[in-house]
Amino acid sequence: MARGLRLSSELIAGVLVGAVIGWGFDRLLSTSPFGLIVFFLLGFVAGVVNVVRSAGVAPDRTGR
Amino acid sequence: MIDPIEQFTIQKIFTIGHIGNQEIAFTNSSAYMFGTVALISLLMIGGVAGKQLVPGRIQSMAELSYEFVANMIRSNVGREGMKFFPFVFSIFMLLAVSNLIGIIPYTFTIASHIIVTAALALLVFLTVLIYGFYKNGLKFFKLFVPSGIPIVILPLVVAIEVISFLSRPVSHSVRLFANMLAGHITLKVFASFVTMLGAFGLVGWFGAILPLALVIALTALELLVAFLQAYVFAILTCIYINDAIHPGH
């Protein structure tokens, strides 16, 4: 359960942060809905990168 | 049915003062935090009071916890990371001791509230950010630019790396909080099965053996999770501090 929660929290964190950035971007620059679309997808990619890194499949940025 | 969420309620013990219209209260959560710090202080001060060459029980516990965190920092950050030893040690001991206190029935687990874990994760995040810029200046941005990436896809990779960096405090705090919350709710639900089956009389008491055995097993598992999550939180703190000291490896 610990491992499952760890990996899922990584993915959710990436998507959540991407969505929040996109929403704020739209709010500030009134580009709705394109900022949300772009940053949501980027956040999804970042979440997957986080999961792959913390699962130890891909080498970490620090090469560990 | 026993309410499995009831164990997480915050109760006001007394009011300290007001900021605007917001009441600042001393709650059961604060009381447990003070209790945890008092217990750690007792352990560490009691551990170094004797200073014997052959350590006694308390002294060897204090020495073991010191060595454990010191080795964690040395292997993850290196020798220059030892200036962050007090920081990492405080976080690790606070979480480990408070999680272990939370296993005792009728107690309160301070890490089961996301505001507590989020404050700790943000503390780590801001420490990394401020110290990273203080130590490396603008070279800290090399953290977001992996080497050997073609210039065409570089902006995309940098954007992903930035979001990945910003998502750290979120996953850092949610992981600890979710583990403690889920574990304690599971324990409570299975424990309530025992009393619910007991209401059916003799047959029910025989049936209740199964959830009782499960509760005992889950308590052992929770003991492991309590320590493991404090360890994971501390080791991730070390990894993030390593990024602040050596960006762009």
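The axes of helix α2 (residues 57–76) and helix α8 (209–245) of chain B come within 9 Å and cross at roughly 35 degrees. Axes here are lines fitted to C-alpha atoms, for helices over the stretch in contact, and angles run from 0 to 180 degrees between N-to-C directions. The crossing of α2(B) past α8(B) is right-handed, that is, the near helix is turned clockwise from the far one by less than a right angle. From α2(B), Val69(B), Met72(B), Ile73(B) and Asn76(B) meet Ala234(B), Ile235(B), Cys238(B), Ile239(B) and Asn242(B) of α8(B); two residues are in contact if their C-beta atoms, placed from the backbone, lie within 7 Å.

This is a predicted model, in which local features need pLDDT of at least 70 and side-chain atom pairs count only at pLDDT 80 or more, whereas totals for chains, interfaces and linings use all residues. Residues are numbered from 1 along each chain as its sequence is written, and chains are lettered from A and ligands numbered from 1 in the order in which they are written. The model scores ipTM 0.83 and pTM 0.87. For chain B the mean pLDDT (the predictor's confidence in each residue, from 0 to 100) is 89, and 99% of the residues reach 70 or more.

Helix α8(B) also belongs to the side of chain B that touches chain A, to which α5 (154–166), α6 (168–198) and α8 each supply at least two residues. The largest share comes from α6(B), with six residues. In total, 17 residues of chain B are in contact with 20 residues of chain A.

The two contact regions have the following make-up by class.

| α2(B) with α8(B) | seven residues | two residues | no residues |

Ala, Val, Leu, Ile, Met, Phe, Trp, Tyr, Cys and Pro count as nonpolar, Asp, Glu, Lys and Arg as charged, and the others, Gly among them, as polar.

β1(B) pairs with strand β2 (residues 22–27) in the antiparallel sense over six bridges, where pairing requires at least two DSSP bridges. Ile19(B) stands opposite Gln22(B), and Gly20(B), in the hairpin with two residues between the strands, takes a positive phi near 65 degrees.

Chain A has two helices and zero strands, defined as DSSP runs (H or I, at least four residues; E, at least two). Of its 64 residues, 31% count as buried.

Technical notes: Buried ≥ 20, exposed ≤ 12 C-beta atoms within 10 Å, placed from the backbone.
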